Amino acid sequence: MGCCGSTERPKREWKPLEDRSCTDMPWFLLFVVFCVGMGGICAFTVVTGGAARLVFGYDSYGNTCGQRNEQIEGVLLSGLDQTDKKFVFFLDPCNIDIVQRKIKSMALCVTQCPDEELRTYGDLKRFAMINDTELCSYELAGHLYPGHPERFTKCPKLPVPQSKPLPVFNRCTPVDISCYAKFAEAVVTFVSDNSLLHRLIAGVAASKEIIIGLCVLALVLSMLLMVIIRYISALLVWILTALVVLGSLGGTSVLWWLYIDHRLNLNDTLLKKAEEDQEEQESSRENTKALLIYATAATVFTVILLLLMLFMRKRVALTIALFRVAGNVFIHLPLLVLQPFLTFLSLFIFWVYWVLVLLFLGTSGNPVQNEETGLIEFRLTGGLQYLTWYHALGLVWISEFILACQQMTIAGAVVTYYFTRDKGRLPVTPILSSVLRLARYHLGTVAKGSFIITLVKIPRLILMYIHNQLKGKENACARCMVKACICCLWCLEKCLNYLNQNAYAATAINSTSFCTSARDAFVILVENALRVAAINTVGDFVLFLGKILIVTSTAFAGVLALNYQRDYTEWVLPLIIVCLFAFLVAHCFLSVFEIVVDVLFLCFAIDTKYNDGTPGKEFYMDKALMEFVENSRKAAAAVERGRGRVKEEAELTAMVSGSLVGAEWVDLQEFQLYYLLVCVLVDWALSEDTLLVCLAQDMVLFMCVSLPTSTLFLLCSLLQHTPVTACQLTSDPALCSQ
């Protein structure tokens, strides 16, 4: 028996695009049932009133504002008719529970929010009599406010700020939100100096137009880079390399120049104005220190980047060939560029729905009296508590399902392009055809693959939550074990993501189930292990350079745009926001290109394994890949002719199946050395440990994980490749006659 009960076959016959059938139907039905359960949770919150309580609000006695209510047993002021009272008013809106992130104040349903500041209980009485609404608890009559003995506990805290209702949610919110600003300061616990937080927030507020402009610039640069990939892919590697080197060196130089300039200006100012205000001098010193930190961080980043590029220089030719083919794919399938927008839109719609239902759950359940405040709250009790966990599982699974649908859609379009010999006979809309094929045949495969990722992601998220909750309480051994488990699960998740992506491509080719496709794809990848390592290393690195180029260009433009602000400590939040957005946009666009390259490689490996260019077994590959193969054959033949005739066939076979083993092993050792060096430098720069401690930790991980894994892939590649004779590869009559 094969994977998941499938029948074991001695040899896989790849028949691209010939047969099409539904795959993994039980998993599709399971996913549909799960989604029905997600919809059932939403229906439960609507039927039980949770949605209405969130939208219309409810008072501290369990009455929903704007509608009739039923009596709650044991609560005297429940069951009131609040049809005319559509707004929720908090007696003390600034009494916020930081831990629970909610307002700890009595809430009442009122007909109108206070449209002016009320300073005395006489003002409360006047407002209540004129507008026919109570701002104190329902049992207190409006004309008794000034002299009632319980006015201090059952009336709003004076002065009552001017309020206005929130759109849609009907909560009376103070016009002056200064108390919420204090809450924000309390939440940001890592900032010990409130004045610094005020300055950072002020910097963001003053630079909002610049932030928006820089975000648009990042989007334009990402689109421009996709155009460059389409039309000048052969020069892309060298262009990116030069621009990233110049951009990193230029950005680092500018930061050092600003630091030196500001330091000289600070020294001159201190000499000329020795009696100057101490606060201004301290601010100048903080600015100088901030610039020094920025320049040092940029220098460390530039050094690490140059070390990585020093190693990658040998694998540029293969990357250029792959990128040329991927560029042709984007020329024939231009709508691939829109995939990030569609995926983000789908995720955004689902996330908005998920958050709304989560908020509905927060106001659903049975009424319970809070023992501390005496107020009525609605909580899920008994088995209903598991609805929140079910809803959380849905967030991960459905999000992964949407991302997997993007991968399957791209894989289906690329497979159609590759295995169509006459590119002029491609479907009018290959992307739409791939989407329809996915919806008709392969949703079960996508559901199964995304569920496997969910099974790995959820334990990692739970461990991360536990680690954050126990921070500062656990011992060093427990902290190390939790971090190691998180790291291992993260590595497993990345490996499964890569395998799933290739499994989706195999499903798009042969219309096989997930397990069968994953097994077939894994066999192909193991047979080409060294090529996989080379392509992923170089391809991912080049795309990483593209992301870095967009981020550094946007950050450099931000430095120039924010240079008019001499208070350099205010740069940090705007630049962080802009850089994060730029990286997110670049990642969304370039991830599509990465998927295209990976799918093309799988198709190329299948093509070269089952076809040899002879009649009846013609290659599917296009002209660019054919030229690359022919050049590789000529280079291999030229090298082998200079060697002994006895070794010629064996070494030429090794060249085609995975390049010369000796050279690849040397390259692998060089990569491992550079990899270890970069890991040590990064850990040392980002952690508080000494260099020796970082070296010891990384050596242990290297010996236990990286070295055995790379060695295993090398051995598998040597054992799995199919022998090919030198005659078949070079078409040399002298070799064929022997």
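The model is predicted. Two cysteine sulfur atoms within 2.5 Å are called a disulfide. By this rule, the count comes to three disulfides.

Start with C65 and C109. A disulfide joins them, with an S to S distance of 1.9 Å. C65 lies in the loop between α2 (50–56) and β1 (87–90), and C109 lies in strand β4 (residues 107–110), so the bond ties together parts that are 44 residues apart in sequence. The torsion about their S-S bond is about -85 degrees, so this disulfide is left-handed. Buried means under 20% relative accessible area. C65 is buried, at 1% relative accessibility. C109 is buried too, at 0%.

Now go to C113 and C172. A disulfide links them, S to S 1.9 Å. C113 sits in the loop between β4 and α3 (121–131), while C172 is in strand β6 (residues 172–174). They are 59 residues apart, and the pair links distant parts of the chain. This disulfide is left-handed because the torsion about its S-S bond is about -80 degrees. C113 is buried, with a relative accessible area of 5%. C172 is buried as well, with 4%.

Next come C136 and C155. Their sulfur atoms are 2.0 Å apart, and they form a disulfide. C136 is in the loop between α3 and α4 (151–154), and C155 is in the loop between α4 and β5 (163–165). The link of C136 and C155 is right-handed, with 115 degrees about the S-S bond. C136 is buried at 0%, and C155 is buried at 5%.

C495 counts as exposed, at 53% relative accessibility.

Definitions and conventions: Residues numbered from 1 in each chain as written. Predicted model: local features only at pLDDT ≥ 70, side-chain atom pairs only at ≥ 80, totals over all residues. Heavy atoms only, no water. Helix = DSSP H or I, 4+ residues; strand = E, 2+ residues; numbered from the N terminus. Buried < 20%, exposed > 50% of the residue type's maximum accessible area, 1.4 Å probe, protein only.
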